[in-house]
Amino acid sequence: MSNDNFDHVRIDGARLWQSLAGMARIGATERGGVCRLALTDLDRQSRDLFVDWARAAGCDVRVDRIGNVFARRAGRDDRLAPVLTGSHGDTQPTGGRFDGIYGVLGGLEVLRTLDDHGIRTDRPLEVALWTNEEGSRFAPAMIGSAVFTGASTLDYGLSRQDADGLSLGDELARIGYAGDEAPGHPLHAAFELHIEQGPILEAAGHTIGVVTGAQGQRWYEITVTGVDSHAGTTPMEVRRDALVGLAELVLFVNRLGHAGAPQARATVGRVEVGPNSRNVIPGHAWLTVEFRHPDEAMLEEMDAALRAEVARIAAAAGLQSRLEAIFRYAPVPFDPACVAAVRKAATGLGYSRQDIVSGAGHDACHLARRVPTAMIFVPCIGGLSHNEAEDITPAWAEAGANVLLRVMLAAASVERNGSAA
């Protein structure tokens with residue numbers, strides 16, 4: 001069935017913006033951002049608000065055993081697999097107001113708009129709020145969608161621990177979001193709406209990014225061990241300084257990223273040094289390394305280079321080292337038909353667009369391995385994200401949600417007043 005008779009339908013941009021502002025008050029920071037770590041009391045409050053809004057829109061709400069929340073709008077034939085959208089509500093410690101939650105509330109606005117216009121879809125529609133996408137409290141990232149798609153087991157997801165030793169499963173139960181539904185119900189197609197989190201769209205003057213795929217990722221944790229010793233009495237030539245080894249690794253990772261430009265990304269995001277005293281030579285250092293690239297072969301080359309350099313630095317400085325690869329996924333191509341639908345929708349709505357590869361990981365990357373999936377990007381000001389200054393314009397927010405509305409209508413088919421459209 002065609003949805004051509006619904007080309008005039010648009011989402012309520014003011015209502016969407018008001019919803020984003022209301023959600024941003026939960027975990028609001030003094031600098032205008034949001035700190036809403038996964039499965040904290042603030043995360044519970046944001047989940048509760050989403051559930052209240054979804055039920056007010058007439059949705060049935062379900063929660064699975066990994067805490068993913070699904071708001072379902074019934075279809076004309078509710079036996080059919082749904083078309084799903086959504087994203088996440090958790091943030092980084094110094095996160096912004098739009099990363100993740102824009103895709104959740106954009107999806108909710110689609111359902112509200114369909115109600116406004118009396119539009120029924122053949123297939124049911126669902127908006128998902130995925131658990132622990134960021135990975136900032138419980139590593140790795142995207143646990144909820146990984147368990148949903150079978151990329152990780154439920155036991156693995158529930159057993160993840162934060163820095164205080166609290167498990168994801170226990171925290172789900174504590175905040176009341178340990179559901180009883182088995183993860184992984186069938187889907188017909190999936191679309192995720194998100195801010196770009198980079199500078200490309202804004203610099204090019206485009207409103208919509210048609211996401212053709214996402215970079216692969218590798219995460220590592222590296223421990224370097226030397227000998228704690230007195231800063232005043234230990235001669236330079238006999239020191240086994242773990243921090244010096246760490247510093248060399250940081251510089252190497254940075255050089256590796258530049259060597260793979262423009263597509264490679266290489267980052268040291270966290271470091272810990274012990275005993276962390278001003279007059280003790282550090283005997284312990286720990287760091288995280290992350291690689292991203294759209295080519296799996298290049299990720300393999302970067303992996304090999306890192307392992308070789310860790311071994312070389314340790315041997316040259318008399319240090320011990322341990323490298324643990326804790327997370328990986330291959331580059332993800334999105335479904336060509338879903339990508340084409342996003343292109344068509346953007347063009348039909350008169351929005352300027354360009355194809356783009358996502359530099360960030362998203363829940364859609366896990367979904368794409370199981371169901372036809374695509375993503376829709378809108379610009380963010382200055383390319384800033386994972387930053388309290390993260391910002392978008394109301395016009396961009398509205399445009400992205402209008403594209404999402406159109407592709408979901410196309411994927412789910414529509415009827416009005418009992419007649420096929």
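**Exercise 1. How many of the 19 residues of H12 are buried?**

Solution. Keep in mind as you work that this is a predicted model.

- Step 1: Find helix H12 at residues 394–412. Its 19 residues reach 27 Å from the first C-alpha to the last, close to the 27 Å expected at 1.5 Å a residue.
- Step 2: Apply the cut-off for buried, under 20% relative accessible area. In H12, 15 of the 19 residues are buried, and the helix is mostly covered.
- Step 3: Look just past the end of H12, where serine 413 takes a positive phi of about 65°.

**Exercise 2. Work out at what angle H1 and H12 pack, and which residues make the contact.**

Solution. 

- Step 1: Helix H1 spans residues 13–24, and its axis lies 9 Å from that of H12, at an angle of about 110°.
- Step 2: Angles of 65 to 115 degrees count as roughly perpendicular, which means that H1 is roughly perpendicular to H12.
- Step 3: On the H1 side, the contact is made by Gly13, Leu16, Trp17 and Leu20. H12 contributes Pro394, Ala397, Glu398 and Ala401.
- Step 4: Sorted by class, this contact of H1 with H12 has six nonpolar residues, one polar and one charged.

**Exercise 3. Find the order of the strands in the four-stranded open sheet, then name the strands at its edges.**

Solution. 

- Step 1: The order is E10-E12-E8-E13, with antiparallel pairing.
- Step 2: E10 (265–274) and E13 (320–329) each have a single partner strand, so they stand at the edges and one side of each lacks a neighbour in the sheet.
- Step 3: Neighbouring strands here are turned by 15° against each other on average, direction ignored.
- Step 4: Zoom in on one pair: E10 and E12 (residues 284–293) are joined in the antiparallel sense over eight bridges. Within E12, phenylalanine 291 is the bridge partner of alanine 266.

**Exercise 4. Is H3 largely enclosed by the rest of the structure or largely open?**

Solution. 

- Step 1: H3 covers residues 101–116 and reaches 22 Å from its first C-alpha to its last, close to the 22 Å expected at 1.5 Å a residue.
- Step 2: Of its 16 residues, 14 are buried, so H3 is largely enclosed by the rest of the structure.
- Step 3: Just after H3, glycine 118 takes a positive phi of about 65°.

Notes
Residues numbered from 1 in each chain as written. Predicted model: local features only at pLDDT ≥ 70, side-chain atom pairs only at ≥ 80, totals over all residues. Heavy atoms only, no water. Axes fitted to C-alpha atoms, helices over the stretch in contact; angles between N-to-C directions. Helix = DSSP H or I, 4+ residues; strand = E, 2+ residues; numbered from the N terminus. Parallel < 35°, antiparallel > 145°, perpendicular 65-115°, else oblique. Contact = heavy atoms within 4.5 Å. Nonpolar A, V, L, I, M, F, W, Y, C, P; charged D, E, K, R; others polar. Expected span 1.5 Å × (residues − 1). Buried < 20%, exposed > 50% of the residue type's maximum accessible area, 1.4 Å probe, protein only. Pairing = 2+ DSSP bridges.
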